Each structure stands twice: as structure tokens, then as C-alpha cells.
Amino acid sequence: MGDVSERFWAKLPDGSRDALVDGLSQSELQSVLLDVTRERAAKVKPARLLQRWTQDRFVRPSAVDPRALVKTQQRLWELLPEKFAGVQLSPLAPLGTCSAVATINQHQIVSTIRGTEVASDPTNELAIEAAVRRRAGEERVHLAACQRVVRAQPFDTPGFAAHFELFVLVSSARDSGSFRTEAELLIDHLSFWHAVLGEKADLRFTLFKESGLRDRIEDTVRPALAVPLTEDAERTKSASYYAGTALAVGVPDHEIGDGGFTTWTADLLGDAKERCLTSCIATEFLTAIPT
């Protein structure tokens with residue numbers, strides 16, 4: 001991507017890059033790009049459209065039966081505790097939602113020419129909504145959403161696609177000391193995933209760095225759960241993404257979800273005392289698990 005980009009900029013007059021990145025307002029840049037896109041769209045022929053439909057991984061329909069997926073969605077919403085407010089998210093988010101909050105490379109996001117990006121992770125979006133509600137005075141915020149997302153990075157893992165659906169939880173509250181808040185949020189999330197997966201639920205945690213949270217997991221979280229909570233001390237995935245603690249959600253031989261504590265609401269509100277826990281599952285993976 002870098003070499004292609006540099007070859008493109010080399011074809012333009014000196015100063016073009018600075019002019020496009022910093023020299024134009026968002027509305028001016030948007031107008032220029034809309035003009036370019038309109039003219040390019042006018043040249044698209046039906047044959048080319050058909051070719052793109054069959055070859056472009058971003059637009060190909062999902063292989064999942066939507067009737068089965070809807071049943072999964074309905075069950076998830078029915079099991080969701082009342083304390084979690086459902087949020088119907090837009091398919092678009094402000095440009096930088098993932099790269100600014102979760103430090104994801106923007107190349108992994110489908111950006112638009114209107115200063116937005118195609119939704120790629122609803123946990124980021126719900127964290128922003130949670131920060132808005134916390135700033136408005138809500139003492140503890142629990143949010144849930146189900147959203148189809150698009151990821152731009154190529155996948156070579158069987159079953160992975162450019163677009164898929166996630167059911168996510170995000171909770172945010174102020175630190176009450178001794179990791180009590182973190183323990184309470186973990187119980188809320190893990191109890192829900194146990195309700196979804198039943199007795200076969202495989203719930204795991206990883207402490208990327210030691211903290212007092214281990215004591216709360218032992219004396220508060222584990223006793224509150226009806227299924228084992230297993231430590232995965234070997235995990236290294238997402239060690240720089242989550243703030244010290246990560247979760248894995250699934251059933252034996254099928255990991256279908258992920259989660260962990262983040263600094264997102266703390267960063268958004270400029271308050272280091274804010275605590276934010278996220279967790280999610282891929283609904284298509286859940287639908288595919290044999291019952």
C-alpha cells in the first residue's frame with residue numbers, strides 16, 4: 001500500500017499532498033472528491049458492475065441464511081438483561097473512530113469521502129456513546145448493539161469474510177477502588193455470555209500485567225459465575241489493544257468472541273478514573289455452532 005501510494009503522489013505537482021491533507025477544509029475536500037466520484041460512477045457500465053459484484057469481497061453477500069441469523073439475534077436480545085440499553089447504530093461512524101480510540105491502522109477501515117468511515121467495530125462506537133451518557137450524568141452505563149461491520153484487511157482464515165455481524169456489550173463506570181468496579185462489570189458481561197452459551201460456555205481471561213484484579217476475580221467474579229472462568233496465561237493476542245485484561249468467549253473448540261478492558265471512555269472524557277469493559281461475539285459463528 002505504501003509503495004502504491006508514493007507512486008501516486010509522485011505523479012502530482014509538488015505540494016498536492018499538503019494541499020489535500022491540510023490545505024482544504026473538510027467540506028472543500030468533500031466537494032472535490034464527490035465530483036471525482038460522480039464522474040467515475042458515470043463511466044461504470046453494467047458489465048463492469050456485474051464483474052465487481054462477483055469478484056469484490058466487500059460487496060459479496062454473506063453465505064449465512066438470514067432466517068437463521070435473525071433467530072440468533074432475537075435470542076440474544078431476549079436474554080439481554082434490562083440494565084443494558086439497546087442502541088441501533090448507524091452503518092457509518094466519524095472518521096477516525098477506530099484509529100483515534102483503539103489505535104487501529106486506518107488502512108484496515110473503509111473510509112468514505114464524507115468525513116466518515118464504514119462501521120468496523122461497534123465496541124468503539126458504543127464507547128463514544130457511553131462517554132456521552134457518562135458526561136451527561138449517568139452513574140453507570142451498559143449498552144448493547146448488533147451491527148454488520150466491514151473490515152478492509154484481507155483474511156485467509158476459513159469462515160472469515162470482509163463483512164460480518166457482531167453482537168457487542170460495552171459498560172462504563174467510575175472506579176470505586178480495589179478493582180470492585182472491574183469485578184462488577186466482568187460479572188455483568190460474563191453472566192450474559194453464560195446465559196447465551198449455556199453450560200458449554202468456555203469463558204477465559206488473560207491478565208497481560210499483574211494487578212489487584214486477580215484477587216477480585218478469585219474472591220468476587222468466579223464465585224458469582226455458574227460456569228468456570230479459566231485463565232489463559234499463554235495468550236498474547238491483543239496485548240497492546242486491551243488495558244491489561246482480555247476475555248475470550250466461546251464453547252469447546254469454537255472461540256466466537258473476544259473482549260477486555262480498554263481506556264476508551266477514560267481517553268474520551270479525559271478522566272483516568274473511568275473504567276470501560278467491552279465484549280462481543282460474531283453472530284454468524286454463534287449461529288453455526290451445533291446445538
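**View 1. Buried residues in the whole chain.** A residue is called buried when its relative accessible area is under 20%. In this predicted model, 40% of the 291 residues of the protein chain count as buried. The C-alpha atoms fill a box of roughly 65 × 45 × 35 Å along the principal axes. The protein chain holds 11 helices and 10 strands. Among its contacts with a separation of 6 or more, 69% come from residues 24 or more positions apart.

**View 2. The surface and its charges.** The side chains include 34 positive and 40 negative ones. The centres of these two sets lie 6 Å apart.

**View 3. An open sheet of eight strands.** Follow the strands in this order: β1-β4-β5-β10-β9-β8-β6-β7. The pairing is mixed. The edges belong to β1 (85–86) and β7 (229–231). Each edge strand has a single partner, so one of its sides has no neighbour in the sheet.

**View 4. Strands β6 and β8 paired.** Strand β6 covers residues 202–207, and strand β8 covers residues 245–251. The two run antiparallel. Six bridges join them. Look for Leu-203, which stands opposite Val-249 in β8.

**View 5. Helix α8 across the strands.** Helix α8 spans residues 180–197. This helix lies across β4 (140–150), β5 (163–174), β6, β7, β8, β9 (254–262) and β10 (274–282). Helix α8 runs at about 15° to β10.

Terms used:
Residues numbered from 1 in each chain as written. Predicted model: local features only at pLDDT ≥ 70, side-chain atom pairs only at ≥ 80, totals over all residues. Heavy atoms only, no water. Helix = DSSP H or I, 4+ residues; strand = E, 2+ residues; numbered from the N terminus. Buried < 20%, exposed > 50% of the residue type's maximum accessible area, 1.4 Å probe, protein only. Contact = heavy atoms within 4.5 Å. Lys, Arg positive; Asp, Glu negative; His and termini not counted. Charge placed at Lys NZ, Arg CZ, Asp CG, Glu CD. Pairing = 2+ DSSP bridges. Axes fitted to C-alpha atoms, helices over the stretch in contact; angles between N-to-C directions.
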